[in-house]
Amino acid sequence: MINIQDIRDTARDMLTKGEVRTVIGYRRGSRGMLAEPVFITDPAQADDLVWDPTCFHNLSLYLVHDRKFLTHIRQNPGVPVAIVAKGCDARSIVVLLQEHYFKREDIYIIGVSCEGTGVVDERKLSSQLNGFQASNAAFDGDDFVFTTAEGEKRLPAREVMADRCLECRVPFPKEHNVVFGEDKTGRQLEAPFAALTRFEAQGTAERWSFWQNHFDRCIRCFACRSVCPMCYCEECVVDSITFPVTTETTAEDKANRIRWIERSATRSENITYLMTRAMHLAGRCTDCGECERACPVNVPIRLLNNKMEREAREQFGFEPGASIGGPSLVASFLDNDPGQFIR
Amino acid sequence: MEKILDKKQIDDWINALTDWEVHAPMLQDGIWTYQPVSGAVRLDHPNTNQSPKGFAFPQREIFFSFEQIKGEPPRLTQILPKEQRHAVFGVRPCDGRGVPRMDKVFTDHVEDPYYNARRKNVAYVGLACNKPPSPNCFCLSVGGSPVSTDGLDIQMTDMGDRYFVKAITETGKAMMAAGGKLFAEPAAADQKQVKQVHADAVAHPQRKINDPDGAPAKLKANFDSPLWQEMAQACIGCGICTFLCPTCHCFDINDEVQSKAPMKGQRVRTWDNCQFPDFTMHSSGHNPREGTGARLRQRVNHKFQYFHENFGMHQCTGCGRCISGCPVGIDIVTVVNKVTEHAG
Amino acid sequence: MPDNIYLPQLARVVSIKEEVAGERSIKTFRVEAVDGKLFDHECGQCAMLSIFGRGESMISIASSPLIKEYKQFSIMRVGRVSSAFHELEVGDVIGLRGPYGNSFPVDDWRGKNLYFIGGGCGLAPIWPVITTAVAQRANFKNITVFYGGRTSRDIMYRTELEKLRDSVDVHLSIDKAEDGWDGYCGFVPAAVMDQNPVPDNAIAITCGPPIMIKFVIQNLNKLGFKDEQIYTTIENKMKCGLGKCGRCNVGKDYVCVMGPVYSWAVLKNLPEEY
């Protein structure tokens, strides 16, 4: 059982001593029960930190923002930034470290274990509460307790947890500087890729019809890309209208840029966008679920990424973000890589 | 024209609207969207996930096609929207108020032929909000109300087993006339009840902007405040707030090419968004709005200061979608309140 | 059929002149209507030029409104659409729609001394005012043109500027000394100070790189010019040109409608988002 005060004390302590320059964590948001990201530089604000089942954001995204900002202003403060990280978030950080996005000493990971539970899936909660909204969510053993206008409602966590949490095998940030909560690795509430397997029980025709419907609905708000820590490319290959231009970029460069897809949110363009993104995340996605949670029209994006991750696991025995020194899926060649495609 | 319609007869009324393609909110894939009606209509939705602005201002609008063979002048063929009347049911008052605001943008200075071709063929059949559909509603703070009829052709009020149906425009009257005998005259008790329902609706608590009248001046005074970067620190620069908003209208124009020789393609308008990092990027590489703070400031200023200065009303209608939709909790009510409380 | 504000009219390129060569080359295009005639415009207004298949660009109309046969545009090669313009040949047909924006209140300046201060390709947007004033020379008192390029090869409208010397004081400058250059050497704001223009009964019209405009205005204020006497024209990224796409606003003003021409008295009170 995690005592949030321990996390707050750690944050306050490190900020006061100047050991870290910022603590990126979660605080209560102003709209209903959801937590929101907070960037604490003043030790007095450390008491704003919360830990509850609505802390779904993958805060490692802000490590990427921080790095981009420091590069832009050409400064290196030399003092690390601290980040509150769940198991999935810590694995994202490991992938970023594998890709040399920043150095290990640039960050201080305040690990938080999900122990036996995980985060809430807002859609599952909404159907459990008959469309009513909750104003507060709290952990309580194997249950979540929600405060609604009709009073308190206690639900078994398993019924409202996100699929990715149910399938999670390592709900514990193995890479950390300090960690709170017990390691419940292997707790496995559901088999890995369970949601994907259920989906694939349908025939190809049904699945293609399913995806066509969703590709038609995507409005190309780019929230899935913007919220993903791995989508850090300054120039996104499938969005050649928004690309980085500096005063040094030549007219030639701009003229020669290829428009791989158009701005129109039509089926063909959306397929290209979503599928390319899934391919580019193969072996890098740690199933933080943010893309699917952020999507304003409920496209089940996670299924696309999950499919790639299952391929990675089955073909190469590969798990993204397992360890800092480990190989990356597409950038490493190992002698014992299976090569069925050339046999 | 005020009438009573038994809830059981709403499908009969919709079937009588043979001149119209009727749309109503349906729950699909976990969200409420306007769909063409096929089957029973039950107006029991909170609010739709996206606003109805897409009926007059769709995500994609083809302006014209071009064809150019080398050595000859190009041939341009204008492509105006098809003549098709749409009736949208279940429109909440906040979305209704969004309609005249969009109208102002697309008819001010010069008229937009594509918007107008669609707009004149859309009828908005509103549904008053007996209680706030969203925990993030704040229509009363921006000059609106749960029973506003602004922008609507008809207002319906849910009275339990029946609707109180009021025509606001001539189009609304014609649509009600199409329903003929399905509609009954309201009794005195009905009039009393609808007044009470409306009074209760307006009295229902919702989120509040504390000083909406002071917002334009305070926003101006706080233009250079470091508050903006602070409030925008979590912003990821996606398009959710603007794409879901009933009054956001920014767009892009691009040529989509199908073949190069001969050059064949179309000039297309698509939704765009001031929160995208390169929205205002000059070709030279200079970006007047660098940073999420400047872009958040632009959106809030546009809604609560610039539009007000140009048209005498706030552009925001208090639907709360940007608040509910933001993946990282950026909350326009909190933002405006923080700025108005801050000495500029 | 109602006028479609987004549908360009066709215009044929009748002449192309390379003003400045190199990486950021500038070419001057003159276009005539393919059918009928081109729209009338006023000094300072802009037009959207189309290359079908590439896109549109908002360019200042550089020719005087008094010229009806053609319209002139000077385009610097900076990006995707402008590069396509630089590949055009005489006889090619482009799209044209306009005129957009507000204009310089030239009629209000009758009887006044006019100082034009341009830098780089900023000469083009104010060129119609200069040439219109020269064509109606008797309406104005002294006319002075200050114009500077980075090097002597970056000076545009060179021949036309030399011809102006008959009726107008022309002061050309380059940033650094060069062999064969006996004009002023230094930045344009300094070149202006060097001549000590007098604010009495005067209007100053300036356009160029933002940094140049900033220091020119500072210097003019130092010389006693009031903010209402200083005019400039700004630019912002534009797509529709009609105040609808929401992109080019500076505060409550869409630059394509309420601008691009501003007196400094008004512009200094708008947010610096351009």
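**Close-up views of the domain and chain contacts**

**View 1. Domain 1 and domain 2 of chain A.** The centres of domain 1 of chain A and domain 2 of chain A, taken over C-alpha atoms, are 24 Å apart; the domain bounds come from an automatic or database domain assignment. This is a predicted model, in which local features need pLDDT of at least 70, side-chain atom pairs count only at pLDDT 80 or more, and totals for chains, interfaces and linings use all residues. Residues are numbered from 1 along each chain as its sequence is written, and chains are lettered from A and ligands numbered from 1 in the order in which they are written. Domain 1 spans 1-190 and domain 2 spans 191-323 in chain A. Each of these domains puts 20 residues into the contact (C-beta atoms, placed from the backbone, within 7 Å).

**View 2. Domain 1 and domain 2 of chain B.** Chain B is assigned domain 1 (2-203) and domain 2 (215-341). Their centres, over C-alpha atoms, are separated by 25 Å. Domain 1 of chain B brings 33 residues to the contact and domain 2 of chain B brings 27.

**View 3. Chain B against chain A.** Here 36 residues of chain B meet 33 residues of chain A in contact. On the chain B side, the residues comprise 16 nonpolar, 14 polar and six charged (nonpolar: Ala, Val, Leu, Ile, Met, Phe, Trp, Tyr, Cys and Pro; charged: Asp, Glu, Lys and Arg; polar: the others, Gly among them).

Conventions:
Two residues are in contact if their C-beta atoms, placed from the backbone, lie within 7 Å.
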